[in-house]
Amino acid sequence: MEVLSKKPINLAVHTSPDHDLRLVECEIPEIGPYDCLVHVRASGICGSDVHFWKHGRIGPMVVTGDYGLGHESAGVILKVGDSVTRFKPGDRVALECGVPCSKPTCFYCRTGRYNACPDVVFFSTPPYNGVLRRYHAHPEAWLHKLPDHVSFEEGSLVEPLSVALAGIDRSGLRLADPLVICGAGPIGLTSLLAANAAGAEPIVITDLDEGRLAKAKELIPRARTVLVEKGQDSKAIAARIVEQLGQEAKLVLECTGVESSIHSGIYATRFGGSVFVIGVGKDFQNIPFMHLSTNEIDLKFQYRYHDVYPKAISLVAAGMVDLKPLVSHRFKLEEGVEAFKAASTPTAKAIKVQILDE
Ligand SMILES: NC(=O)c1ccc[n+]([C@@H]2O[C@H](COP(=O)([O-])OP(=O)(O)OC[C@H]3O[C@@H](n4cnc5c(N)ncnc54)[C@H](O)[C@@H]3O)[C@@H](O)[C@H]2O)c1
Ligand SMILES: OC[C@H](O)C(O)[C@@H](O)CO
Ligand SMILES: [Zn+2]
Ligand SMILES: [Zn+2]
């Protein structure tokens, strides 16, 4: 509790329907019997945080009032509620930010696919405040202990890794599967790290940005890269992907959500293969329907994740996935607005921007 007396102000990064990104001072939350008060020590900025700020909506999720951002966070527990059994003050934790209703009457919660819970509170999806704040009350059930040698930054990066792991799990990736990853942003790069750990070979990764492809090579030197130019023909890009892969892909992990990239992925896939779309994009998109049909290519999608945080933490703790090189920029909580500018300005060449609080 010492930190509370040293830093008695709860600061948070908020936005509004008129895109007014700013630091706000808010109350230090009360905790309920099943909650823990967390000092949030590291938060990554997700593309969706930037999108909610700049565009005010993602599909049906709309910013209608003032609200707080951030769902990639880790911190230390300061206080626990009376009924908390698994944590004590001083424990280091990653915060899983989608808190489903957990009622036995909810089909999706009862059957385990809680990412589909219609009553989920996803911190940072409007209207629910995010956890990019100094002090946050979080239910014990959705906190995950971090081993001492896993840093808070790594703990926050467990969130994008969980997105990648959920996709890889459902995609059915097997040892020595020829794999294409479209897009080398944080989701493409964490997918690359996870697919490497899962034994995909060969691997091709694409992007429009040479710097991001260089990062992919730095992370996994055996990965091959394809630099895409905007406006290039999808079939021509697919041919270059197949050339680099040495064969057609059994699996494509699509991590851009961009229509032309999804098309390239589809055209690079072999008969009976699958294209697994993790990226999100326009509400309506065209697909090469008859190509998919005559090649029995499965087109599948991922929405967030369920039950992957513990797996993600164990991969990081065991050294099988090294998330540290993804961090390109670091800011203090007080510099939250500057941090968002770095995350959203292409010339800043950010990969993952971190906001830290000592
Ligand atoms: N399904 C989910 O639950 C879930 C969760 C988190 C993020 N996402 C989505 O995943 C996607 C990736 O997230 P991110 O944080 O890595 O975003 P990002 O914007 O940082 O990365 C996307 C990358 O794709 C590249 N790209 C764009 N068009 C391309 C093209 N035609 N060919 C090749 N590369 C291209 C960009 O240069 C960029 O590097 C986003 O759409 C994001 O919203 C989905
Ligand atoms: O990482 C989780 C994602 O960013 C969220 O699902 C977001 O896109 C919408 O709430
Ligand atoms: Zn996110
Ligand atoms: Zn539910």
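Throughout this tour a residue is called buried when its relative accessible area is under 20%, exposed when it is over 50%, and partly exposed in between, using a 1.4 Å probe and protein chains only. By that scale Cys 46, at 18% relative accessibility, counts as buried, whereas Cys 26, at 24%, counts as partly exposed.

What is on screen is a predicted model, in which local features need pLDDT of at least 70 and side-chain atom pairs count only at pLDDT 80 or more, while totals for chains, interfaces and linings use all residues. Residues are numbered from 1 along each chain as its sequence is written, chains are lettered from A and ligands numbered from 1 in the order in which they are written, and side-chain values use heavy atoms, with hydrogens and water left out.

**First stop: the zinc site**

Select the zinc ion (ligand 4) together with Cys 101, Cys 106, Cys 109 and Cys 117, whose SG atoms coordinate the ion at 2.3 to 2.4 Å. Donors here are N, O and S atoms within 2.8 Å of the metal (3.2 Å for Na, K and Ca), and since water is not among the atoms, sites may look incomplete. The four donor atoms subtend angles of 104 to 120° around the zinc ion (ligand 4), and the arrangement is therefore tetrahedral, a label given to four donors if all angles lie between 85 and 135 degrees. Along the sequence the donor residues follow the spacing C-x4-C-x2-C-x7-C, and both Cys 106 and Cys 109 are buried.

**Second stop: the other cysteines**

Return to Cys 26, whose sulfur lies 15 Å from the closest cysteine sulfur, that of Cys 97, and is therefore too far away for a bond. A search of the whole structure for disulfides (pairs of cysteine sulfur atoms within 2.5 Å) finds zero.

Now display strand 1 (residues 10–15) and strand 2 (residues 22–26), which run antiparallel and are joined by five bridges; strands are DSSP runs of E with at least two residues, helices are runs of H or I with at least four, and both are numbered from the N terminus. These two strands form a hairpin with six residues between them, and His 19 in the turn has a positive phi of about 65°. His 14 stands opposite Arg 22 in strand 2. Widening the selection shows an open sheet of three strands in the order 2-1-6, with antiparallel pairing, where pairing requires that DSSP finds at least two bridges between two strands. Strand 2 and strand 6 (67–68) stand at the edges with a single partner strand each, so one side of each is left without a neighbour in the sheet.

Select Leu 179, Leu 189 and Leu 192, the residues with the most contacts inside the largest nonpolar core, which has 49 residues. Such a core is a set of buried Ala, Val, Leu, Ile, Met, Phe, Trp, Tyr and Cys residues joined through side-chain atoms within 4.5 Å. Helix 4 gives the most to this core, with eight residues.

**Last stop: Asp 307**

Finish at Asp 307, in the loop between strand 18 (298–301) and helix 10, where this residue, at 47% relative accessibility, counts as partly exposed.

How values were computed
Four donors count as tetrahedral if all angles lie between 85 and 135 degrees; four count as square planar and six as octahedral if opposite donors are over 155 degrees apart and all others between 65 and 115; anything else is irregular.
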